[in-house]
Amino acid sequence: MRHCVGSYSSAVANRQVAIYHLQQPEPVTIAIAPQGQRWALSQASGVRNAPLSKQAQHFIHVWLTEQS
């Protein structure tokens, strides 16, 4: 994906952040972080930190809402 997600390994190991990968509608790396009793979107980016399409943003929003 050519971005800095590899630098998050310590934060992932310490459960400060969780990383997910979305393949459709486009490749997206998603980082979520604990916010009180639930997890919230920390950041999401496409290949080389490209902005996300509206469709990908909507999918992420729905997915996070379903997890709450």
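## Burial and surface

A residue is called buried when its relative accessible area is under 20%. In this predicted model, 29% of the 68 residues of the protein count as buried. The protein exposes about 4900 Å², and carbon and sulfur atoms supply 51% of that area.

## Fold and overall dimensions

The protein contains two helices and three strands. Read along the sequence, these elements follow the pattern α-β-β-β-α.

Taken along the principal axes, the C-alpha atoms fill a box of roughly 30 × 30 × 15 Å. A compact globule with 68 residues would have a radius of gyration near 11 Å, so the value of 12 Å for the protein agrees with that expectation.

Contacts also link residues that lie apart in the sequence. Among contacts with a separation of 6 or more, 38% are between residues 24 or more positions apart.

In soluble globular proteins, nonpolar side chains tend to be buried together. The largest nonpolar core here has nine residues: Ala-18, Leu-22, Val-28, Ile-30, Ile-32, Leu-52, Ala-56, Ile-60 and Leu-64. Two or more residues of this core come from each of strand 1 (18–22), strand 2 (28–35) and helix 2 (54–67).

When its neighbours within four places in sequence are left aside, Leu-64 is in contact with Ile-32 and Leu-41.

Key: Residues numbered from 1 in each chain as written. Predicted model: local features only at pLDDT ≥ 70, side-chain atom pairs only at ≥ 80, totals over all residues. Heavy atoms only, no water. Core = buried A, V, L, I, M, F, W, Y, C linked by side-chain atoms within 4.5 Å. Buried < 20%, exposed > 50% of the residue type's maximum accessible area, 1.4 Å probe, protein only. Helix = DSSP H or I, 4+ residues; strand = E, 2+ residues; numbered from the N terminus. Contact = heavy atoms within 4.5 Å. Rg over C-alpha atoms; globule rule 2.2 N^0.38 Å. Areas by Shrake-Rupley, 256 points an atom, 1.4 Å probe, with all protein chains shown as cover.
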